Amino acid sequence: MSLNTASERNPFPYVYGTIMNLGTTGTLTNTGANYTVGIARSIRSGAVLANCYSTMKITTNANAAGLAASGNGILNNCYFAGTLKGSSNYAIAASSSGGSYTGCYYTVGNLGKNMSGKKITDDEAKKIIGNNLRKFRKRNSTFTDLKVLRGLKYLKVTVKQEALE
């Protein structure tokens, strides 16, 4: 995935349901958004992001976040191992209000308000990525790539569009 724009800033704007087994790779460059993120602008209360990762190269003149701008839902076994170049750089999400985080990892950036996660090295991230890909491919033998634009048939996604702030 490669986006370079002043308006499109996230692969998924608002998530109300479940996103599982998703990986985003590529570049995301944005000059006009408040938050530019690797997966979703907002993981809403009750929504789930599970077994997901981003290795996006994110560049913005505003705030950058590896997985989400706000993570108010459940994030389980997710990690960010890309690059962040923004005015503020948040590894997993910029903030949370009542979210739940289990097994979240990151290689760059800082933890946002009310966030939890473990900082790991690039080598540790490569090992986790490799192990997760092998496990996922073993369960889904026809799935060959974890890029957003491929394999969407393997995702259970509910996205609701809202007016952007």
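# Notebook: strands, a sheet and a tyrosine pair

I began with contacts (heavy atoms within 4.5 Å): among those in the chain between residues at least 6 apart in sequence, 72% join residues at least 24 apart. I note that this is a predicted model, in which local features need pLDDT of at least 70, side-chain atom pairs count only at pLDDT 80 or more, and totals for chains, interfaces and linings use all residues. Residues are numbered from 1 along each chain as its sequence is written, and side-chain values use heavy atoms, with hydrogens and water left out.

**Entry 1. Overall make-up.** I looked up the secondary structure and found one helix and 20 strands in the chain. Helices (H or I, at least four residues) and strands (E, at least two) are DSSP runs, numbered from the N terminus. I then checked burial: 48% of the 165 residues of the chain count as buried. Buried means under 20% relative accessible area, exposed over 50%, and partly exposed in between (1.4 Å probe, protein chains only). The chain exposes about 8000 Å², and carbon and sulfur atoms supply 48% of that area. Accessible areas come from the Shrake-Rupley method with a 1.4 Å probe; for residues, only the protein chains shown count as cover.

**Entry 2. Confidence.** I read the pLDDT, the predictor's confidence in each residue, from 0 to 100. Its mean over the chain is 75, and 73% of the residues reach 70 or more. Strand β1 (residues 2–5) has the lowest confidence, at a mean of 55, and strand β15 (residues 83–85) the highest, at 94. Over residues 140–165 pLDDT stays under 50, and the model has 50 contacts beyond four places in sequence for them. Where pLDDT is low, the predicted coordinates should not be read in detail.

**Entry 3. The open sheet.** I traced an open sheet of four strands in the order β2-β7-β12-β17, with parallel pairing. β2 and β17 (93–95) are at the edges with a single partner strand each, so one side of each has no neighbour in the sheet. From one strand to the next the twist averages 20 degrees. For such angles, axes are lines fitted to C-alpha atoms, for helices over the stretch in contact, and angles run from 0 to 180 degrees between N-to-C directions.

I went through the pairings next; two strands pair if DSSP finds at least two bridges between them. Strand β2 (residues 12–15) runs parallel to strand β7 (residues 40–43), joined by three bridges. Phe-12 stands opposite Ala-40, and Val-15 opposite Ile-43. β7 also pairs in the parallel sense with strand β12 (residues 68–71), over three bridges. There Ala-40 faces Ala-68.

**Entry 4. Aromatic pair.** I searched the whole structure and found one aromatic pair. The ring centres of Tyr-53 and Tyr-79 are 5.4 Å apart and the planes are at 10 degrees, so the pair is stacked. Rings of Phe, Tyr and Trp (its six-membered ring) pair if their centres lie within 6.5 Å; planes under 30 degrees apart count as stacked, over 60 as edge-to-face and the rest as tilted. Tyr-53 is in strand β9 (residues 53–54) and Tyr-79 in strand β14 (residues 79–80), so the pair ties together parts 26 residues apart in sequence. Tyr-53 is buried, at a relative accessible area of 10%. Tyr-79 is buried too, at 3%.
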